[in-house]
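Colleague: I'd like to go through this structure with you and ask where each label comes from. Could you show it to me, please?

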Protein chains: 2
Amino acid sequence: MTPQENYHDWLRDAHAMEKQAESMLNAMSSRIDNYPDLRARIEQHLTETQGQIKLLETVMDRNDINRSLMKDATSKMAAMGQSFGGMFAPDEIVKGAISSYVFEQFEIACYTSLITAAEKAGDSASIDIFKQILAEEKAMAEWAINHIPDVTEQFLLRSAAEGVEAKK
Amino acid sequence: MTPQENYHDWLRDAHAMEKQAESMLNAMSSRIDNYPDLRARIEQHLTETQGQIKLLETVMDRNDINRSLMKDATSKMAAMGQSFGGMFAPDEIVKGAISSYVFEQFEIACYTSLITAAEKAGDSASIDIFKQILAEEKAMAEWAINHIPDVTEQFLLRSAAEGVEAKK
């Protein structure tokens, strides 16, 4: 396969990944009741993710990639996203905070690879877009890891209290 | 639930996570033929992971956690690990390099939460162990992200060449 063919496959994967991120962030933010800081940051990143999807679509259009052929990749990614979930577990909020961080790191790894692929495939016009998206993913990942101790502590306090919902 | 009960559940999860890491690293290192740097680093981390499992078992013993009850958690984690795989895909080595990084980040997030839980559950004797493990996971994650561009580039070169295996 040529570098361009591999690169185009990975662009489709990236688009599917962001669509999955959108679903996961949407589901998480709508379920969180008692952890307002986490909810607010997730909502902010949901908006960023919707912008990233539009940016990726400009890259795909520039590379003549037919977006109607992308269902397969999307469903493969969906399985991965769901396994991250831990949703509905008694410690859902802690698992969710961990999953948010891990999914951002997955995105960071994919864009790191994609930047190399864009260089080798000669699509230098798209590299700044990937770097811009990467910066947003890194900011979200950093926020998430910095807040895991706080979410864990709040969960433990709520979990130990009578008549208080802890899980979400 | 008390902080101790939640903490003990998470210790079981951490043990299952490391057992799963051991399986994944083992499977990856035995499949890689053409990417010796990645293979060597994975083998090193496999040895580290086996040491981490022993360390976690000392923590579990100190907390009187019965290790024979841990099968459930292990099988839950196995599903997650497999979905990370991308193994046997034509771009297996690139997906594998990404997965290695992402799984390390999953471990980093879990130990970050576990350190808070150990503090709140009063198991301060175990915190240095978690910090030691965390340092090894961070070193592996940093190595992995720094080598993703190189693995991507090597894969693209091999993939474009006639009669050369690229995938593993």
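Colleague: Among contacts in chain A between residues at least 6 apart in sequence, what percentage join residues at least 24 apart?

Modeller: In chain A, 75% of those contacts join residues at least 24 apart. A contact here means that two C-beta atoms, placed from the backbone, lie within 7 Å. Before we go on, this is a predicted model, where local features need pLDDT of at least 70, side-chain atom pairs count only at pLDDT 80 or more, and totals for chains, interfaces and linings use all residues. Residues are numbered from 1 along each chain as its sequence is written, while chains are lettered from A and ligands numbered from 1 in the order in which they are written.

Colleague: Thanks! How many helices and strands does chain A have?

Modeller: Chain A has five helices and zero strands, running α-α-α-α-α from the N terminus on.

Colleague: What makes Ile93(A) buried or exposed?

Modeller: The count of other C-beta atoms within 10 Å decides: 20 or more is buried, 12 or fewer is exposed, and anything in between is partly exposed, with C-beta atoms placed from the backbone. Ile93(A) has 27, so this residue is buried. Of the 168 residues of chain A, 46% count as buried.

Colleague: Where is Ile93(A) found, and which residues does Ile93(A) touch?

Modeller: Ile93(A) is found in helix 4 (residues 92-121) of chain A. Leaving out residues up to four places away in sequence, Ile93(A) touches Ile32(A), Tyr35(A), Val151(A), Phe155(A), Lys167(A) and Lys168(A). Take Val151(A): 58 residues separate Ile93(A) from Val151(A) in sequence, yet the two are 7.6 Å apart in space, C-alpha to C-alpha.

Colleague: Why are helix 2 and helix 5 of chain A called roughly antiparallel?

Modeller: The axes of helix 2 (residues 36-62) of chain A and helix 5 (residues 127-160) of chain A cross at roughly 165° and come within 11 Å. Angles under 35 degrees count as roughly parallel, over 145 as roughly antiparallel, 65 to 115 as roughly perpendicular and the rest as oblique. Helix 2 of chain A is therefore roughly antiparallel to helix 5 of chain A. The axes are lines fitted to C-alpha atoms over the stretch in contact, with angles from 0 to 180 degrees between N-to-C directions.

Colleague: Which residues meet there?

Modeller: Among them are Asp37(A), Leu38(A) and Arg41(A) in helix 2 of chain A, and Ile129(A), Ile133(A) and Val151(A) in helix 5 of chain A. By class, the residues of this contact divide into eight nonpolar, three polar and four charged. Ala, Val, Leu, Ile, Met, Phe, Trp, Tyr, Cys and Pro count as nonpolar, Asp, Glu, Lys and Arg as charged, and the others, Gly among them, as polar.

Colleague: How many residues does the contact take from each chain?

Modeller: The contact takes 29 residues from chain B and 29 residues from chain A. Helix 4 of chain B gives the most to the side of chain B that touches chain A, with 13 residues.

Terms used. Helices (H or I, at least four residues) and strands (E, at least two) are DSSP runs, numbered from the N terminus.
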